[in-house]
Each structure stands twice: as C-alpha cells, then as structure tokens.
Amino acid sequence: MSSKSFGHFDDACREYVITNPATPFPWINYLGNEDFFGLISNTAGGYDFYKDAKFRRITRYRYNGVPMDAGGRYFYISDAGTVWNPGWKPCKTPLDTYECRHGMNYTRITGSKNGLEASVLFFVPIHTWAEVQKLTLTNQTSDVKHVKLFSLAEWCLWNAATDMENFQRNWSTGEVEIEGGTIYHKTEYKERRNHYAFYALTNASVDGFDTDRESFIGLYNGFDAPQCVMEGKPRNSVAHGWSPIASHYVEVDLLPGEKKDFIFVLGYVENKQEEKFSQEDIKRKRMGELISSQDSDVTLVNKQKAHEVITRFSSVENVDAAFNELRQMWDSLLSKFILKSDDERLNRMVNIWNQYQCMVTFNMSRSASFFESGIGRGMGFRDSNQDIVGFVHQIPGRARQRILDIAATQLPDGGCYHQYQPLTKRGNN
C-alpha cells in the first residue's frame, strides 16, 4: 500500500500532510524539545511526560490495546445528534474532510462534519512544562449551530510500569481536584510526591466536568462511545481512587460563519519540599478558617506555578506568539546547515526531516516512541553518545551537556549502564 494514498510532503511549511486518517499504522509526531514531551498520532493518540517516560508519565496510553492507537487527547463534538472527533478516532464517524499536519514539534489536526469545522493545534511552547491545545470551531453554514464539546485526557498515575501492574494500589490512590476550568491530578501529592498535573480550559468558562473514568465513559463502553457524550451531558463526577480523568464540558453557540477559539493547557508542576503547600492556606487553617478535613486537603496544595502557566496562555494572542516563537526556533536550527542540490527529495530529507529526527533523537534517544513504551529501555549509554554527531551543529551547548550527563552515569570501575532512566540517571547493569 503506497504512502501516496495517505498524504504528502509540504516542503514550504516543513510539514507532512496526512489526508486519510486510517493510515497503515499510526503515524506519529513528537512534541517538546526541553523537559516536557509528547507523542501524538495522526488521530491525536499518544501521551505526555516530563523528562522521563517511565517515572513521570502524565497521561495513560495502551501500546498493545485493541483497537490500535487507543487513548490520547480527544475532543468530542455533539452537533444535532451527530457525535464526531476532528481526528476521526475514537468515534470513527465518517468525516466530510480530514487533514493532519505534522510539523516541527507541532501537529495540527482538522476535521469537518455537517458544515462545522474543528481544527486543533497541539504544541509544547519553549521553556514550558505544558502542552497547549488550541481548538478552533468554525460554523461554515448559514444556520446557527448549538454544539456540545467534551474534552478528555486520562491520567497515568506517574510510574508507567506500576500504573499497569499494581491495580489494588492504583484503584485506591487516584485523587483529583476541580478549580473552575482547571482539573488537577494530585495522586499521592500529599503523601510522598512533590509534583502534580493539571488540565485547564483557560479562555472560557465550563458548563460541567468529569474526573471519574467510569462515570464519563460507562462501565462497558469504550472511548468511541462515552456515555456522557452520547447522552449529551456531564456527570460532574469527582474521582476518589479508581481511574481519574479530566474532561471539560462546554456548550457553544455559533452564528453563521462565526469562529471561536478554545485554549486547553495540559501541564506539570514541581514544588520544592518546603513549598508543597500554600502558606496562606496554612495560616488560614491555623486560624480555624478551614474547618473540615476536606477543605484543608483541597486548598493546601500550592498552585502558584499552575496559575502562572494558565494565566500566561489565557489569550489567543499569547498562544499564537508562543507558537511563532517555536517556529522561529526551528527556522534558526535548520538554517545552520543547508544542502542545495538538483534533487528536491534529497534537499527535503537533509534540510528538514533528517535534522528534525536528529533533534528528536537528542530529546528522547530511543526511550519513548510508538514502538518503545518508555518503561524499560531508557537512554542508551553508547547510542546517546553516538547520536551527538547528528545534532552537534544545531545545539553545541546542549550537546556538551549531554556528554557530561552521560559521563556522570559511568561507574567507578569504568563500566556503565547499558541504558539509564533520564530522571534517576540509573539503569540496568
């Protein structure tokens, strides 16, 4: 089966354009280039993590699941009784149009159905521990549209291996919090962690939410037919244990020709041990203003860093500026080495995609991909050293730091780990 049946290169935009969502295998892209990373398929499948795909897995993913590519960043649209997704999956409702553009650390997926277009831009801004999702709904008809929108992200309980193994523990530890349009995932934060995640709708108010997977999807349903979406109303569920998720519900009215943007931010926060809890709330607790144990548990989490990120990306202008900054970075990276030949295919691969792949390899080595779960392999001592040859001309300072990082894992007897985990700098023998 030829790839020409599914897409083509757009050299001017440095993008690969997929025009048929049912690709022979999920075709994925990589988001992020510093600390926060994501894998995203052409149907918005995949997951996010901070630095280490094993120990700081933020969203859950099923590599060996059936059907293929199940779980990811989903937006469900209910329009006059028709439920669909801009990325085709998971509902697989036939779309009138579909296009996925995989670019340099960003992906844009656009679908349309019955005169409504939904386009989602996914990217990780520079120097940011968060994935930004800009969803644009456009009414292309001459009638008013009343649309019900549901978001969905499924939290992984941090250690991706334990998340798939220790169910008796995991089903008792899941913990969330809802604050306006922000859903916090804070499993084990109070007990033994100094980090949490959040999923926020930053530029609009919500009309409902769900944080419990069973309440949202239904006990015997799949991602393709969540009971809340099919019924057209949220449960406003608050997960306590079991499988926590984050879903926003928004009712949208669109005039003929009208366009509306919705900004979602999926982020990660670390606090120092002495800064885990809000000092103001600690004072209030001591003064007796926080009288219930539930109140004290909820309000003591220090959300300052989360609030800063949410505020930063609360306007379309700020999101567009951050996206332009990312594109300018890639303009700079790809301008350092340019091949000019008579073969446009050679130019394309050398000037764009080979260099892009080398940067992705710098970020993740072989620790996380569609075929590597990110749980066992980690960063290769030998491989990561060899990889430096591919990107040293783009980021010499970071290449030097990588050499020092790898050397720091060497053992006293001169040996080394075959692979090591990025977060702990430890691995197998």
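Okay, some ground rules before the tour. It's a predicted model, so local features need pLDDT of at least 70 and side-chain atom pairs count only at pLDDT 80 or more, while totals for chains, interfaces and linings use all residues. Residues are numbered from 1 along each chain as its sequence is written, and side-chain values use heavy atoms, with hydrogens and water left out.

Let's start with the open space. A pocket here is an open set of points on a 1 Å grid over the protein atoms alone, with protein on both sides within 12 Å along at least five of seven lines. Lining residues have an atom within 4 Å of a point. Volume is the space filled by probe spheres set on the points, and the points are joined across faces, edges and corners.

The largest pocket holds about 510 Å³. It has 21 lining residues, and the ones nearest its centre are Arg-60, Arg-62, Trp-171, Arg-213 and Ser-243. For the element names, helices are DSSP runs of H or I with at least four residues, strands are runs of E with at least two, and both are numbered from the N terminus. The lining splits into 10 nonpolar, 5 polar and 6 charged residues. On those classes: Ala, Val, Leu, Ile, Met, Phe, Trp, Tyr, Cys and Pro count as nonpolar, Asp, Glu, Lys and Arg as charged, and the others, Gly among them, as polar.

The second largest pocket comes in at about 430 Å³. It is lined by 18 residues, with Glu-34, Asp-35, Arg-402, Asp-405 and Lys-425 closest to its centre. Which helix gives the most to this lining? That's α11, with 4 residues. By class we get 8 nonpolar, 3 polar and 7 charged.

Now the closed space. A cavity is a set of grid points where a 1.4 Å probe fits but cannot get out. Strands β7 (74-79) and β11 (116-123) are the elements that give two or more residues to it. The lining divides into 7 nonpolar, 3 polar and 2 charged residues.

On to charges. Side chains of opposite charge can pair when their charged atoms come close. The salt bridge rule is a side-chain nitrogen of Lys or Arg within 4 Å of a carboxyl oxygen of Asp or Glu. That rule gives a count of 23. One of them joins Glu-15 and Arg-101, at 2.5 Å from N to O. Glu-15 sits in strand β2 and Arg-101 in strand β9 (residues 97-102), so this pair ties together parts 86 residues apart in sequence. Both Glu-15 and Arg-101 are buried, where buried means under 20% relative accessible area, exposed means over 50%, and partly exposed is in between (1.4 Å probe, protein chains only).

Arg-62 bridges to Glu-154, with the closest N and O atoms 2.9 Å apart. Arg-62 is in the loop between β6 (57-59) and β7, and Glu-154 is in strand β13 (residues 145-158), so the pair links parts 92 residues apart in sequence. Is Arg-62 buried or partly exposed? Arg-62 counts as partly exposed, at 25% relative accessibility, whereas Glu-154 is buried at 5%. Salt bridges with shared partners join Arg-60, Arg-62, Glu-154, Asp-163 and Arg-213 into one network.

Last stop, the backbone. The bond from Val-66 to Pro-67 is cis, with omega near 5°, and Pro-67 is in the loop between β6 and β7. Lys-89 and Pro-90 are also joined by a cis peptide bond, omega about 5°. Pro-90 lies in the loop between β8 (82-84) and β9.

Then we have positive phi values outside glycine. Ala-80 has phi of about 55° and is exposed, at 77% relative accessible area. Asn-105 has phi near 65°, but Asn-105 is buried at 1%.
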